[in-house]
Amino acid sequence: MAVKVIIPTPLRAYAGKQESVEVQAATVGEALAALTGKFAELKKHLYSDDGRLRSFVNVYVNDEDIRYLQKDQTAVREGDTISIVPSIAGGARD
Amino acid sequence: MATKTGIPAGPAMTKPGVTLSKEEVMRYSRHLIMPEVGMEGQLKIKQAKVLCIGTGGLGAPLGLYLAAAGVGRIGLVDFDVVDTTNLQRQVLFGTSDVGRPKTEAAAERLRNLNPDIRIDTFETQLTSANALELFKDYDIIVDGTDNFPTRYLVNDACVITGKPNVYGSIFRFEGQITVFGYPGGPCYRCLYPEPPPPGLVPSCAEGGVLGVLPGIVGTIQAAETLKLIIGKGEPLIGRLLLFDALAMKFRELKLRKNPECPVCGEHPTLTKLIDYAEFCGVRGEEGPTTVTNVPEITPKELKTRLDRGDDIYILDVREPHEYQICNINGHLIPLGELSKRVHELDSSREIVAHCKSGKRSAEAVEFLRGAGFRKISSLKGGILGWSDEVDPTVPKY
Ligand SMILES: [Zn+2]
């Protein structure tokens, strides 16, 4: 299944400066593995050393948070959009 | 969970006796003739009390629109002074305000815009010690800060005091906006239980920000605040709005209340404010380097050794657009590309890595030491330090 993964601005530097990457996958876990397979640098930004998705990074399939679906096992269908949404803090001073 | 009710903490209905003067009727006439606001809405706005955390990029449009709309009492919390780099986006301030406390300059501008409202200024940093006391007098808190410790502090204090938190944050050309802490709705910790470790996500100071972006995001926060006050429309509760100014696209994601949330969940473990610097991994004053224990060289030492003719290879780990602003003839390999371009470097030569302020070069040195480089150090204070100590003709950015 071809799915689009949208890369957020702070992480684009580690994904060949691309806004989105198309990967072949049947689940969210497979899609992220394919993505970090292509861009090794992304891995430490998405996963902690114990291999879990970092808690300041959320992953959505279309507009649903995978934490409330089947997490990594969430199935994806042709044409779905996966969004990686990290927390950003910017605002006032810098 | 969208709702059409008014804010519970604010004026559910207008107090008897609160009216608009003839001048106010004139000033707010474009609201008054609109049925969604009308006299009832405008009187709610007049009685509303909103606390703005941060008077920078987001706080500027927010403060301007809330004051213009006639929000009766606006609190401004900021400990910073206006500097030249703020003027690219912080439209509350003019060139003559450089060096003035932000709260003072902001209050003057807002009072000039609308003399009928009350502006409270708090020239202080929001802390665990003062947050609950500060929030007490306001109905709605608007978070326009720039750092993770304050964002978690604002969130927790809002949940504890039961006040909605109109949230906006920005990075480069991308923004996130939502309403947290509304009773029954999710909070910031439901979305992000923990902050990123320092150094993993670049800050705005490194990443930059399109000047108009906080204008758009702060204006959306102002719109959400006014909607909460008048109790009309569909507030951004349980919805995270993502905005990308380059693509000029808005997207919306569902936010859910996490039943296991430590602060707003069914069994909260966090019922009072904590040490947020500690929580976010910032120990004491935030230093220029987060990677510690890498060998460093000061700009003066480096200059002396270069002048003496020592063979030192300068490695610049910034981005190409930063190199265009200023450089000291280093070999450019951006930090993000270092692992795949490491073969360009000769580990037998002495290497000094530098970035803007010393943070990225420390990471680079740590990485290269792991890759077997031994004669390598990081330029202390980066190119900014070089400009301060060695060559003032190098522009600072
Ligand atoms: Zn929560």
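1. Buried, in this note, means under 20% relative accessible area. B:Gly358 has a relative accessible area of 2%, so B:Gly358 is buried. The model discussed here is predicted.

2. Where is B:Gly358 found? It sits in the loop of chain B that runs between β12 (350-354) and α15 (359-370).

3. Next, the domains. The assignment for chain B gives domain 1 as residues 22-279 and domain 2 as residues 296-389. The C-alpha centres of domain 1 and domain 2 of chain B are 39 Å apart.

4. Which residues are the protein donors of the zinc ion? They are B:Cys187, B:Cys190, B:Cys261 and B:Cys264. Each donates through SG, and the donors lie 2.3 Å from the zinc ion. Along the chain, the donors follow the spacing C-x2-C-x70-C-x2-C.

5. What is the geometry of the zinc site? The site is tetrahedral, with angles of 92 to 121° among its 4 donor atoms. Four donors count as tetrahedral if all angles lie between 85 and 135 degrees. For reference, the ideal angle for four tetrahedral donors is 109.5 degrees.

6. B:Cys190 lies in helix α8 (residues 188-191), while B:Cys264 lies in the loop between β8 (249-254) and α11 (276-279). The pair therefore ties together parts that are 74 residues apart in sequence.

7. How many disulfides does the structure hold? The count over all chains is 0. B:Cys280 is in no disulfide. Its nearest cysteine sulfur belongs to B:Cys187 and is 14 Å away. A disulfide needs a pair of cysteine sulfur atoms within 2.5 Å. B:Cys280 is itself buried, with a relative accessible area of 5%.

8. B:Cys326 is another cysteine to check. B:Cys326 counts as buried, at 6% relative accessibility.

Notes. Residues are numbered from 1 along each chain as its sequence is written. Chains are lettered from A and ligands numbered from 1 in the order in which they are written. This is a predicted model: local features need pLDDT of at least 70, side-chain atom pairs count only at pLDDT 80 or more; totals for chains, interfaces and linings use all residues. Side-chain values use heavy atoms; hydrogens and water are left out. Donors are N, O and S atoms within 2.8 Å of the metal (3.2 Å for Na, K and Ca); water is not among the atoms, so sites may look incomplete. Four donors count as tetrahedral if all angles lie between 85 and 135 degrees; four count as square planar and six as octahedral if opposite donors are over 155 degrees apart and all others between 65 and 115; anything else is irregular. Helices (H or I, at least four residues) and strands (E, at least two) are DSSP runs, numbered from the N terminus. Buried means under 20% relative accessible area, exposed over 50%, partly exposed in between (1.4 Å probe, protein chains only). Domain bounds come from an automatic or database domain assignment.
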